[in-house]
Amino acid sequence: MAIKVITFDLDNTLWDVEPALLRAEDAQRRWLLEHRPGTIEQYDHETLWEFKKSVWKRFPQFVHNISAMRHQMLLELQMAAGYEEENAREGAKQAFAEFLAERHRVELYEEALGVLETLAQDYSLGALTNGNADIYKTDAGEYFDFAFLAEEFGASKPAPDMFHAAMTAAKVSADEIIHVGDNPEHDIQGASEVGMFTVWMNSQAEQWPGGQRADQEIENLRHLPEAIAAIASGQ
């Protein structure tokens with residue numbers, strides 16, 4: 001069958017997520033310092049990480065919902081500092097809003113918008129992410145026909161849920177979709193197991209970790225149209 005749909009992972013596939021996450025953490029911290037004094041001052045990077053892990057252990061139901069997990073962490077940080085629950089819940093909501101605003105200020109890879117514009121002329125494009133980035137709040141949003149987040153399903157890639165949702169949304173079968181992603185397990189294994197074709201976005205020139213390889217491998221998005229053409233032609 002002809003390829004009709006291209007789905008994308010987001011973080012480290014269309015952009016380097018690290019700068020945005022660092023800015024988002026800083027924005028969250030600044031809000032807490034100003035509006036909830038006593039909440040965050042005693043934590044450095046390592047001790048805050050340990051606090052986060054303690055929340056994850058106590059709330060395993062949030063493992064596929066990183067937004068809910070962060071909200072719970074922000075709530076507990078404030079309550080541990082002596083803030084009443086109602087006040088802490090409002091603070092968690094506002095601090096998370098500060099985080100998320102910066103989270104969406106991603107800097108797409110230089111070639112991303114041009115490639116997406118080209119592909120959107122011939123294919124339906126979708127976004128499938130385990131993170132909490134909303135593609136429609138980025139400069140790339142105009143090119144996407146649908147988008148799904150793991151937290152909407154309670155299941156993260158490589159679970160099949162988002163891949164099946166993509167098929168339903170686009171009204172196509174698995175062999176009419178190519179999924180593009182940077183994670184060998186979450187993206188390549190997950191998409192392959194439901195019958196999709198795959199392209200590994202290997203921008204760091206890493207060694208393949210083992211298992212079934214992607215149908216194509218690229219180190220830069222500018223090579224994606226060529227990789228898609230190779231798959232479509234059966235090469």
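The chain has 8 helices and 6 strands. Both are DSSP runs numbered from the N terminus: helices are H or I with at least four residues, strands are E with at least two. This is a predicted model, where local features need pLDDT of at least 70, side-chain atom pairs count only at pLDDT 80 or more, and totals for chains, interfaces and linings use all residues. Residues are numbered from 1 along each chain as its sequence is written, and side-chain values use heavy atoms, with hydrogens and water left out.

Along the sequence, the pattern reads β-α-α-α-α-α-β-β-α-β-α-β-β-α.

Two strands pair if DSSP finds at least two bridges between them.

Take one pair. Strand 4 (residues 177–181) and strand 5 (residues 197–201) run parallel, joined by 4 bridges. His179 has Thr198 in strand 5 as its bridge partner.

Next, salt bridges. The rule asks for a side-chain nitrogen of Lys or Arg within 4 Å of a carboxyl oxygen of Asp or Glu. The count comes to 14.

Which residue meets Asp11 in a salt bridge? Arg103 does, at 2.6 Å, N to O. Asp11 sits in the loop between strand 1 and helix 1 (17–35), Arg103 in helix 4 (residues 85–103), and they are 92 residues apart. Both are buried. Buried means under 20% relative accessible area, exposed over 50%, partly exposed in between, with a 1.4 Å probe and protein chains only.

Arg23 and Glu102 form another, at 3.4 Å, N to O. That pair links helix 1 to helix 4, 79 residues apart. Arg23 counts as partly exposed because its relative accessibility is 23%. Glu102, at 17%, is buried. Arg23 and Glu102 also belong to a salt-bridge network with Arg105 and Glu107.

Finally, the whole chain. Of its 235 residues, 49% count as buried. The C-alpha trace spans about 65 × 35 × 30 Å along its principal axes.
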